[in-house]
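Subject: Structure for you to look at

Dear colleague,

I am passing on the structure we spoke about, with some notes to read beside it. Please open it first and keep it in view as you go through them.

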Amino acid sequence: MPSELTGTVALVTGASSGIGAATARRLAEDGASVALVARRKGRLDGVAAEIEKAGGTALVVEADITDRTQAEAAVQQAVEHFGRLDTLVNNAGLMLLGPVVGADVDEWERMLAVNVQGLLHTTHAALPHLLKAAEAGPRKVADIVNISSIAGRVAWNGYGVYNLTKFGVNGFTESLRQEVTQRHVRVGVLEPGGVDTELGSHNTPEIQGAMIAPFYETTEVLTPDDIADGVAYMVTRPRHASIGELWIMPTDQV
């Protein structure tokens, strides 16, 4: 029996680990062919092998999406290989925390490049193909899901620039949704409220302990598979049903 996404093609950025890898596996389970995009080819190969072992189809695309040329080439490679593109999941992200005073500005620029510029590059490159899929694809609809964060709605001390990137992602998502929704490209933002991934692994132990560890001590955090389920929920809805914003929140332990 055909699965929900049989005959469609999805491109997932940041697909080498965490939410990206889990999302790619989940979409493949639902029948989509998946283009896996990230910088770490070795890890991408491992995710692709898992998908193919389970009977799915995956394409490994090594690319740094903060480079516009590489982002455009990644989308083009996926379209040339599979012949179409129906779903874009902008998942690649970086979380670098700390106060504004004494901050490493180079780290800010790196986070802005991944969280904002990379998302813009892949979206701009993919949108013409998604519009085409919405007109003539098997489902007569295409999807963009931007993985943001609850930090795109609520600000915390020490999260300033990370908040800036995620507030920007949320605003861009809503604006783009209004621009293309009448053309049957559904645009939504998924906002996790605490996920155990490598996202914050670049923080120093001091910051990790002061700003993140207490949260983990009192909360049953989400897993990448939880977020992948949310993405699948958004893109497998009936054609007329669109989810502009989805929050996925962890459970308090106390």
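**Helix α1 and what follows it**

Helix α1 is followed by G31, whose phi is positive, near 105 degrees; helices here are DSSP runs of H or I with at least four residues, strands are runs of E with at least two, and both are numbered from the N terminus. Please bear in mind that this is a predicted model, in which local features need pLDDT of at least 70 and side-chain atom pairs count only at pLDDT 80 or more, while totals for chains, interfaces and linings use all residues. Residues are numbered from 1 along each chain as its sequence is written, and side-chain values use heavy atoms, with hydrogens and water left out.

The 12 residues of α1 (residues 18–29) should span 16 Å at 1.5 Å a residue, and the end C-alpha atoms of α1 are 17 Å apart, which agrees; the expected span is 1.5 Å times one less than the number of residues. Its buried residues are I19, G20, A21, A22, T23, A24, L27 and A28, where buried means under 20% relative accessible area, exposed over 50% and partly exposed in between, with a 1.4 Å probe and protein chains only. These residues pack against β1 (9–13), β2 (33–38), α2 (41–53), β4 (87–90), β5 and α7 (224–235), with contact taken as heavy atoms within 4.5 Å.

D30 is found in the loop between α1 and β2 and counts as buried, because its relative accessibility is 14%. Not counting residues up to four places away in sequence, D30 touches S3, E4, L5, T6, A232 and T236.

**The sheet and its helices**

Seven strands form an open sheet in the order β3-β2-β1-β4-β5-β6-β8, with parallel pairing; two strands pair if DSSP finds at least two bridges between them. At the edges stand β3 (57–62) and β8 (245–248), each with a single partner strand, so one side of each is left without a neighbour in the sheet. On average, and with direction ignored, neighbouring strands of this sheet are turned by 15 degrees against each other; axes are lines fitted to C-alpha atoms, for helices over the stretch in contact, and angles run from 0 to 180 degrees between N-to-C directions. Between β1 and β2 the parallel pairing runs over five bridges, and V9 stands opposite S33 in β2.

Helix α3 (residues 68–82) packs on the sheet, where α3 touches β1, β2 and β3, and its direction makes about 150 degrees with that of β3. Helix α7 also packs on the sheet, touching β4, β5, β6 (185–192) and β8, with a direction at about 160 degrees to that of β6. The buried residues of α7 are P224, I227, A228, G230, V231, A232, M234 and V235, and what covers them includes α1, β4, β5, β6 and β8.

V141 lies in the loop between α4 (105–136) and β5 (142–147), and counts as buried because its relative accessible area is 3%. Its contacts, leaving aside neighbours within four places in sequence, are A133, A134, H184, R186 and R239; the C-alpha atoms of V141 and R239 are separated by 6.1 Å, although the two residues are 98 residues apart along the chain.

Most residues other than glycine have a negative phi, which is the background to the next two residues. K140, in the loop between α4 and β5, has a positive phi of about 55 degrees although it is not a glycine, and is partly exposed, with a relative accessible area of 36%. H184, in the loop between α5 (160–180) and β6, has a positive phi near 65 degrees, again in a residue other than glycine, and counts as partly exposed at 34% relative accessibility.

**Nonpolar cores**

The largest nonpolar core has 40 residues, of which L11, L85, L130, I144 and V185 touch the most other members; such a core is a set of buried Ala, Val, Leu, Ile, Met, Phe, Trp, Tyr and Cys residues joined through side-chain atoms within 4.5 Å. The largest share of this core, nine residues, comes from α4. A second, separate core of 31 residues includes L5, V34, L36 and I248.

With best wishes
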